[in-house]
Amino acid sequence: EVMYDLEGADSGFEWIEITNTGSVAVDVSEWRLFEGGTNHTLTLAAGSGSVVPAGGSAVIADNPEKFLVHWPSAGTVFNSAFSLSNTGEMLALKNAKLEVVDQVSYTAALGAAGDSGSLHRSGEQLVAALPSPGVFSGELTPVPKKQNVAPTATSPDLKAVSPSLAT
């Protein structure tokens, strides 16, 4: 799951969820997040350790303190210095030998651009849905569409305007 473009200013609020879809636990303490041409380290910020159990998830946050204010029960959280592009980029997870374990590319055209949504991997595709950091439920909730409501003339400050006819 990738939260790359939150509503408003997103500096310090971006995050990536990783899920161990394998059948054995994986220690990610020496893994790297490859983003923007840099292999970013992962430092445990919250949770019981750097091992992600089979079927378990963890979050990599660019600012764990800000992340945990909004998602206090997300479970294991790693700190890593990164800034996700709001237009899209390629992200990769690398093991201790710097071999690519998994990678994904996203673009703003996929959705979740400033609308409170995040991109979730569904099979081989990314799908915009409501965020669920730390939980890989398999069920995605679509991001509600914002409705543009036209202003109405109910305010006492608004007066009906009618054209005057000159005779």
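Start by selecting T107: at 37% relative accessibility this residue counts as partly exposed, a class that sits between buried (under 20% relative accessible area) and exposed (over 50%), using a 1.4 Å probe and protein chains only. Before you click further, note that this is a predicted model, where local features need pLDDT of at least 70 and side-chain atom pairs count only at pLDDT 80 or more, while totals for chains, interfaces and linings use all residues. Residues are numbered from 1 along each chain as its sequence is written, and side-chain values use heavy atoms, with hydrogens and water left out.

Now show what surrounds T107. Leaving aside neighbours within four places in sequence, T107 is in contact (heavy atoms within 4.5 Å) with Y4, T87, G88 and L119.

Next, colour the strand that holds T107, which is β11, residues 100–107. Strands here are DSSP runs of E with at least two residues, numbered from the N terminus. β11 pairs with β10 in the antiparallel sense over seven bridges; pairing takes at least two DSSP bridges between two strands. Pick M90 and you'll find its bridge partner in β11, S105.

Last stop: β10 itself, residues 88–94. Five of its seven residues are buried, so the strand is largely enclosed by the rest of the structure. Three bridges also join β10 to the antiparallel β4, residues 32–35; select R32 to find its partner in β10, K94.

Terms used: Helices (H or I, at least four residues) and strands (E, at least two) are DSSP runs, numbered from the N terminus.
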